[in-house]
Amino acid sequence: NELRVCREWWYFNAVFNDSLSQLKDWSIAVIFNHMARGDLLGTNKPDLLLVSVLGNKSATYGGMTTKEHYLGILKEGTLIAGSPGVKIQFEDSWAEGSYPCWHVHAEDLDIDTTHEIVVDLDYTARSLPVWVLGSRAFDKSESEVANYVLLGCDISGTVTIDGQIYTVKGTGSHE
């Protein structure tokens, strides 16, 4: 919620590769993003929510929506981040938790006008995070840039498409 924060993002990806998954071999991405000025042409400091479900036979659901900050002031309902751990909300979508467990709830709302999508997934890390950018985590620099990824998370939960609830299970990542 600070003006000086340029970019922050939270990616939750998964492939439902478990044999018991009702959406076997489908994939999903839920992304919360606080962007910097000019990241999207003609915008001030947009917040972004992406919900994308990719299925068999080229089935695609979801999309992206943005909300802008005006003069650094959050519009009601835009991305709000807190702590400890991950505590992020974009309208009725949110992610919350601390290592090694997170829950992601996403509702597509106006993202996909032809389909209704609701996602409820639990992520459980099986390994420590890998720091992929910056050395801030080790207090060796003055940089405010840091990025981590947790690979091979166990994923379970439900994906609802147009009122049909599917139980899913697989492997994913959280960045």
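**View 1. Tyr-123 and the residues around it.** Leaving aside residues up to four places away in sequence, Tyr-123 touches Phe-12, Asn-13, Ala-14, Pro-100, Cys-101, Trp-102, Val-104, Cys-153, Asp-154, Ile-155 and Ser-173, where a contact means heavy atoms within 4.5 Å. This is a predicted model, so to speak of local features we need pLDDT of at least 70, and side-chain atom pairs count only at pLDDT 80 or more, while totals for chains, interfaces and linings use all residues. Residues are numbered from 1 along each chain as its sequence is written, and side-chain values use heavy atoms, with hydrogens and water left out. At 1% relative accessibility, Tyr-123 counts as buried (buried is under 20% relative accessible area, exposed over 50%, partly exposed in between, with a 1.4 Å probe and protein chains only).

**View 2. Ser-173, one of the contacts of Tyr-123.** Ser-173 sits in strand E12, residues 164-174 (strands, E, are DSSP runs of at least two residues, and helices, H or I, of at least four, numbered from the N terminus). With a relative accessible area of 16%, Ser-173 is buried too. Again skipping residues up to four places away in sequence, Ser-173 touches Tyr-11, Phe-12, Asn-13, Tyr-123, Val-149, Leu-150, Leu-151 and Cys-153.

**View 3. The aromatic pairs.** The structure holds three of them (rings of Phe, Tyr and Trp, the last by its six-membered ring, pair if their centres lie within 6.5 Å; planes under 30 degrees apart are stacked, over 60 edge-to-face, the rest tilted). One is Phe-12 with Tyr-123, edge-to-face, at 5.3 Å centre to centre and 70° between the planes. Phe-12 lies in strand E1 and Tyr-123 in strand E9, so this pair ties together parts that are 111 residues apart in sequence. Phe-12 is buried, at 0% relative accessibility. Another pair, Trp-26 with Tyr-61, is stacked, at 6.1 Å centre to centre and 10° between the planes. Here Trp-26 comes from the loop between E1 and E2 and Tyr-61 from strand E4 (residues 60-69), so the pair links parts 35 residues apart in sequence. Trp-26 counts as buried at 11% relative accessibility, and Tyr-61 does at 17%.

**View 4. The largest nonpolar core.** This core has 34 residues, and Phe-12, Phe-16, Ile-28, Phe-32 and Tyr-123 touch the most other members (a nonpolar core is a set of buried Ala, Val, Leu, Ile, Met, Phe, Trp, Tyr and Cys residues joined through side-chain atoms within 4.5 Å). Strands that each supply at least two residues include E1 (8-15), E2 (27-34), E8 (101-107) and E9 (117-124). The largest share, five residues, comes from E11.

**View 5. Strand E8 and its partners.** Five of the seven residues of E8 are buried, so the rest of the structure largely encloses this strand. Strand E7 (residues 93-98) pairs with E8 in the antiparallel sense over five bridges (two strands pair if DSSP finds at least two bridges between them). A hairpin of two residues joins E7 to E8, and Gly-97 has Trp-102 in E8 as its bridge partner. E8 and E9 also run antiparallel, joined by seven bridges; the bridge partner of Cys-101 in E9 is Thr-124.

**View 6. Zooming out to the chain.** The protein chain has zero helices and twelve strands. Of its 175 residues, 37% count as buried. Among contacts between residues at least 6 apart in sequence, 48% join residues at least 24 apart.
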